[in-house]
Amino acid sequence: MIGTIVNTVAIVIGSLVGLFFARFFTERFRTVIMQGLALSIILIGMSMAVKTTNILIVIGSMVLGGATGELLRIEERLESLGERLKRRFRSNSATFVTGFVTASLVYCVGAMAVVGSLDEGIRHDPHILLAKSLLDGVASIAFASTLGVGVIFSAISVFVYQGSLTILAMLFGALLSETMIAELTASGGLLILG
């Protein structure tokens, strides 16, 4: 689980840097950083999405995944968790929940989180999660400088989500074929683009 641990630490460090230096970052600087990250993420998403060999699987995954997320009310539950964390830590930040939810979704929804966790669990290869750590750490600087202290708490979401996927992959990874992993990668790449 080294990749998940490094990713969690990168988010915490990036958030602390963003909070500490927020007053020195102009809006233009934050915009340029976020645009650079967005372009990098688009490249990663496109390179992963085009690996599909069966577009129907990707389409079905998008529809079923979206419906499942809505039925489970994932975003609503994240907002509720953000509100509880805000009360628990007695934060008076107006953007606490927005920062927590936005960062949690950005860091957990993409294919790098899923495929990276599967790679680490099945192949014991943390490279995707280590690359994701760099992206998330830099993004945390920009997010925290804009959205505040709630961003640092998204590290909890990443640790629980990626850690759980890694452990499940260790236990059940042998059940996934290379084709299944390729289509999962393509679906995740499309989510990154979204």
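This is a predicted model: local features need pLDDT of at least 70, side-chain atom pairs count only at pLDDT 80 or more; totals for chains, interfaces and linings use all residues.
Trainee: Which residues form a cluster with Phe20?

Mentor: Phe20, Phe21 and Phe24 make one aromatic cluster. Also, Arg23 lies over the face of Phe20, at 5.7 Å from the ring centre.

Trainee: OK, another pair. What about Tyr107 and Phe143?

Mentor: Tyr107 and Phe143 form a tilted pair, 6.1 Å centre to centre with 55 degrees between the planes. Tyr107 sits in helix 5 and Phe143 in helix 7, so the pair ties together parts 36 residues apart in sequence.

Trainee: Is Tyr107 buried or exposed?

Mentor: Tyr107 is buried, at 0% relative accessible area. Phe143 is buried too, at 11%.

Trainee: Switching to the surface: which residues make the nonpolar patch?

Mentor: Ile5, Val9, Ile13, Ile156, Phe159 and Val160 make a patch of about 510 Å². Helix 1 and helix 8 each give two or more residues to the patch. Phe159, in helix 8, is partly exposed because its relative accessibility is 38%, between the 20% and 50% cut-offs.

Trainee: Back to helix 7. What span should its 21 residues have?

Mentor: At 1.5 Å a residue, helix 7 should span 30 Å, and its end C-alpha atoms are 29 Å apart, which agrees.

Trainee: And what comes just after helix 7?

Mentor: Gly148, which takes a positive phi of about 90 degrees.

Key:
Residues are numbered from 1 along each chain as its sequence is written. Side-chain values use heavy atoms; hydrogens and water are left out. Helices (H or I, at least four residues) and strands (E, at least two) are DSSP runs, numbered from the N terminus. The expected span of a helix is 1.5 Å times one less than its number of residues. Patches are made of residues with over 30% relative accessible area and no salt bridge: like charges are joined within 9 Å, nonpolar side chains (Val, Leu, Ile, Met, Phe, Trp, Tyr) within 5 Å. Accessible areas come from the Shrake-Rupley method with a 1.4 Å probe; for residues, only the protein chains shown count as cover. A salt bridge is a side-chain nitrogen of Lys or Arg within 4 Å of a carboxyl oxygen of Asp or Glu. Buried means under 20% relative accessible area, exposed over 50%, partly exposed in between (1.4 Å probe, protein chains only). Rings of Phe, Tyr and Trp (its six-membered ring) pair if their centres lie within 6.5 Å; planes under 30 degrees apart count as stacked, over 60 as edge-to-face and the rest as tilted. A charge sits over a ring if NZ of Lys or CZ of Arg is within 6 Å of the ring centre and within 35 degrees of the ring normal.
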